[in-house]
Amino acid sequence: MTSQKTHSITLKIAVVGDVHDQWEVEDGIALKHLGVDLVLFVGDFGNESVEVVKAIASLDIPKAAVMGNHDAWFTATEWGRKKCPYDRSKEDWVQEQLDLLGPAHVGYGKLDFPAWELTVVGGRPFTWGGPEWKFADICRERYGVTDLEESADRIVKAVKSAAYQTIIFLGHNGPSGLGDRPEDPCGKDWHPIGGDFGDPDFAEAISQAVTAGKTIPLVTFGHMHRTLRHTKKELRKPVFRSPEGTIYLNAATVPRIVENDGEKLRNFSLVSLEAGVVSQASLVWVGNDFQVVSEEIFYERSHSVVQPA
C-alpha cells in the first residue's frame with residue numbers, strides 16, 4: 001500500500017542523464033523554469049570532474065545522485081591510474097565528489113523524502129555494467145563488497161532501511177532483465193553485438209523489493225547511451241514497463257547539450273508521478289530562453305474509464 005500522502009500528490013521529476021562534463025549554470029535555471037520537484041542524477045559527471053560535481057551539489061532543488069564508472073576513471077582500474085592527471089598520494093578526487101554530494105549520493109544507500117513519503121534507493125556506485133564483476137577494487141576498498149551477491153545484499157539493506165513504502169530506484173547502469181537486443185534499454189551495442197548488459201545485482205535487489213511488497217513506480221539509470229554504436233538507423237529504447245507496472249527509464253541521451261543554428265539546447269528526462277504511479281515519461285530539449293523547444297513522449301499511461309457502480 002502506498003501512503004495517503006503519496007496518493008494525493010503529483011510529483012514532477014527530472015532525470016539528468018550522463019553529464020560527461022556538460023553542466024552549466026543555465027542547467028540549474030532550466031530546471032527551475034521546468035518547475036521540477038526532484039532531480040535525479042544517474043552519474044558519469046565526467047572523468048572525476050570535481051568542479052562539475054561541485055556545481056551540481058550546489059543546486060537548490062531536492063536531489064539524489066549515484067556515481068558512474070567515469071566518476072572513478074583514474075582510480076578504479078590499473079590503466080586509469082596510469083593516466084591519472086593528479087597525485088593520488090596527495091589527492092582523492094573520488095572522495096571529493098562524494099563529500100560534495102554528501103547525503104544526496106545514494107549509491108548503496110537511500111534518501112528519504114518526507115514531503116512526498118517516498119524513498120530513493122541507489123544501486124551499485126561506479127558500475128561499469130554487465131554480468132561480470134568490474135571495478136572490483138573500488139567496491140572492495142570503499143564498501144567492503146567483493147561480488148555481485150554481496151552487492152545485491154547491500155542494495156537490499158538500503159531498501160529495508162527505507163522510511164517509506166514507495167521506492168524509486170536510481171542506478172548508473174540499469175538492471176538485467178530488460179532485453180538482450182542491442183537496442184534494448186541495457187542491450188549490448190558493440191561487438192559481438194547483442195546480450196543483456198544490465199546489472200544482475202541491481203535486478204536481484206529490485207526483485208527482492210517487489211517480493212517484500214514495496215511500491216516501485218520508477219527505476220531510472222543511464223550508462224548505455226541512446227545513440228547506438230553499431231548503427232545510426234535506430235536509437236536505443238528508453239523505456240520498459242514491467243508486468244507490475246514499474247517504469248524503467250534510461251535517461252542517457254548523450255551529448256546532453258548540443259548547438260542547433262546558434263541556439264544551445266539542453267536535454268532532461270521528465271517523469272510525472274501521480275498518486276504513486278508514473279503517468280508520463282518524456283525527453284525535453286530546453287532552449288536559450290529556457291522554454292521547451294521539443295518534447296518526445298516515451299511513455300504515457302492509458303486511463304481506463306471506470307463506470308460508477
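**Gly144**

I looked up Gly144 and found it in the loop between helix 6 (136-143) and helix 7. Helices here are DSSP runs of H or I with at least four residues, strands are runs of E with at least two, and both are numbered from the N terminus. This is a predicted model, in which local features need pLDDT of at least 70 and side-chain atom pairs count only at pLDDT 80 or more, while totals for chains, interfaces and linings use all residues. Residues are numbered from 1 along each chain as its sequence is written, and side-chain values use heavy atoms, with hydrogens and water left out.

Not counting residues up to four places away in sequence, I noted that Gly144 touches Cys139 and Glu150; contact means heavy atoms within 4.5 Å. I also checked Gly144 against Thr211, 67 residues apart along the chain: their C-alpha atoms are separated by 26 Å.

**Helix 7**

I went on to helix 7 (residues 148-160), which has 13 residues. From its first C-alpha to its last it reaches 18 Å, close to the 18 Å expected at 1.5 Å a residue; the expected span is 1.5 Å times one less than the number of residues.

I listed the buried residues of helix 7 as Ser151, Ala152, Ile155, Val156, Ala158 and Val159. Buried means under 20% relative accessible area, exposed over 50%, and partly exposed in between, with a 1.4 Å probe and protein chains only. Seen down the axis of helix 7, these buried residues fall within an arc of 155°, so they line one face of the helix. The arc is that of the directions from the helix axis to the C-beta atoms. An α-helix has 3.6 residues a turn, so residues three or four places apart point the same way.

What do the buried residues of helix 7 pack against? I found strand 4 (110-113), strand 5 (118-122), strand 6 (166-170) and helix 8 (200-211). On the other side of helix 7, Glu149, Lys157 and Lys160 are exposed.

**Helix 3 and helix 5**

I checked how helix 3 (residues 50-57) packs with helix 5 (residues 93-101): the angle is about 5° and the axes are 9 Å apart. Axes are lines fitted to C-alpha atoms, for helices over the stretch in contact, and angles run from 0 to 180 degrees between N-to-C directions. Helix 3 and helix 5 are therefore roughly parallel to each other, a term for angles under 35 degrees.

Helix 3 makes the contact with Val50, Val53, Lys54 and Ala57, and helix 5 with Trp93, Glu96, Gln97, Leu100 and Leu101. I sorted the residues of this contact into 6 nonpolar, 1 polar and 2 charged. Ala, Val, Leu, Ile, Met, Phe, Trp, Tyr, Cys and Pro count as nonpolar, Asp, Glu, Lys and Arg as charged, and the others, Gly among them, as polar.

**Glu26**

I located Glu26 in helix 2 (residues 25-34). At 33% relative accessibility, Glu26 counts as partly exposed. Leaving aside neighbours within four places in sequence, Glu26 is in contact with Arg266 and Phe290.

**Backbone notes**

I noted a cis peptide bond from His191 to Pro192, with omega near -5°; Pro192 is in the loop between strand 6 and helix 8. The bond from Val254 to Pro255 is cis too, with omega near 0°.

Tyr108 has a positive phi of about 55° although it is not a glycine. Is Tyr108 buried or exposed? I found Tyr108 buried, with a relative accessible area of 7%.

Conventions:
Angles under 35 degrees count as roughly parallel, over 145 as roughly antiparallel, 65 to 115 as roughly perpendicular and the rest as oblique.
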